[in-house]
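Good morning, everyone. Please look at the screen, and follow along as I go from charged side chains to the fold and the core.

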Amino acid sequence: MINFALDSAQLDQTARTELDEFAKALKDNRLSTFSFVVEGHTDASGSTRYNQNLSQRRAQSVAAFLTANGVQAARLEAIGLGKSHPRVANPYDPVNRRVEMRIRTE
């Protein structure tokens, strides 16, 4: 899980470090056949339309970082889910401003 600052799709140094390790893992032979969904999320600040766009930009920034670090773009699908799937009950909690990666099962 990668967290973001309010109203931002920029990766901070902590996110870059974590994603660097994740990229190394994705390039390992044991994971090389899997594809991933990169899901962007927001908290409840802002309009539904704005949050949808922001969550998409967050997912794309993570996918772009992984691609720049050697992960094949075809293995990544970046999608924005806006504020529709909060991680914690308080919809304004900063924990909800995140990107999560899941193995694509379809």
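Start with Arg87. Its relative accessible area is 48%, so Arg87 is partly exposed. Keep in mind that this is a predicted model.

Which residue does Arg87 form a salt bridge with? The partner is Glu100, and the closest N and O atoms are 2.8 Å apart. Now look at where the two sit. Arg87 is in the loop between S3 and S4, while Glu100 is in strand S4. They are 13 residues apart, and the pair links distant parts of the chain. Is Glu100 buried or exposed? Its relative accessibility is 7%, so Glu100 counts as buried. The cut-off for buried is under 20%.

This pair is part of something wider. Glu39, Arg87, Arg98, Glu100 and Arg102 are linked in a network of salt bridges. How many salt bridges are there by this rule? The count comes to 8. The general idea is simple. Side chains of opposite charge can pair when their charged atoms come close.

Next, Arg104. Arg104 forms a salt bridge with Glu77, with the closest N and O atoms 3.4 Å apart. This pair also links distant parts of the chain. Arg104 lies in the segment after strand S4 (98-103), Glu77 lies in strand S3, and 27 residues separate them. Arg104 has 26% relative accessibility, so it counts as partly exposed. Glu77, at 34%, counts as partly exposed too.

One further pair: Arg30 and Asp28. They form a salt bridge, and their closest N and O atoms are 2.9 Å apart. Arg30 is exposed, because its relative accessibility is 69%. The cut-off for exposed is over 50%. Asp28 has 28%, so it counts as partly exposed.

Now a contrasting arginine. Find Arg75, in the loop between H2 and strand S3 (76-80). Arg75 is buried, yet it has no salt bridge. How far away is the nearest side chain of opposite charge? That side chain is Asp28, and it is 9.1 Å away. What does the side chain of Arg75 reach instead? It reaches the backbone oxygen of Leu26, at 3.0 Å. Setting aside residues up to four places away in sequence, Arg75 touches Leu26, Leu31, Ser32, Phe34, Ser35, Phe36 and Arg104.

Arg97 is in the loop between S3 and S4. Its relative accessibility is 12%, so Arg97 counts as buried. What joins the side chains of Arg97 and Asp43? A polar contact of 3.0 Å does. Leaving aside neighbours within four places in sequence, Arg97 has contacts including Ile2, Asn3, Phe4, His41, Thr42 and Arg58. Compare sequence and space here. Arg97 and Asp7 are 90 residues apart in sequence, but 8.8 Å apart in space, C-alpha to C-alpha.

Let's step back to the whole chain. It has 2 helices and 4 strands. From the N terminus on, the order is β-α-β-α-β-β. How compact is the chain? Its radius of gyration is 13 Å, close to the 13 Å that the globule rule gives for 106 residues, so the chain is as compact as a globular protein of that length. Along the principal axes, the C-alpha trace spans about 40 × 30 × 20 Å. Buried residues make up 36% of the 106 residues. Now take contacts with a separation of 6 or more. Residues 24 or more positions apart account for 76% of them.

Last stop, the core. In soluble globular proteins, nonpolar side chains tend to be buried together. Here the largest nonpolar core has 17 residues. Which of them touch the most other members? They are Ile2, Leu11, Leu19, Val62, Leu66 and Leu76. Helix H1 (13-26), strand S2 (36-40) and helix H2 (48-68) each supply at least two residues of this core. H2 gives the most, with 5 residues.

Zoom in on Leu11 to finish. Not counting residues up to four places away in sequence, Leu11 touches Ile2, Phe4, Arg16, Leu19, Ser61, Val62 and Phe65. Thank you.

Key: Residues numbered from 1 in each chain as written. Predicted model: local features only at pLDDT ≥ 70, side-chain atom pairs only at ≥ 80, totals over all residues. Heavy atoms only, no water. Core = buried A, V, L, I, M, F, W, Y, C linked by side-chain atoms within 4.5 Å. Buried < 20%, exposed > 50% of the residue type's maximum accessible area, 1.4 Å probe, protein only. Contact = heavy atoms within 4.5 Å. Lys, Arg positive; Asp, Glu negative; His and termini not counted. Salt bridge = Lys/Arg side-chain N within 4 Å of Asp/Glu carboxyl O. Polar contact = N/O pair within 3.5 Å; in protein donor to acceptor, adjacent residues only side chain to side chain. Rg over C-alpha atoms; globule rule 2.2 N^0.38 Å.
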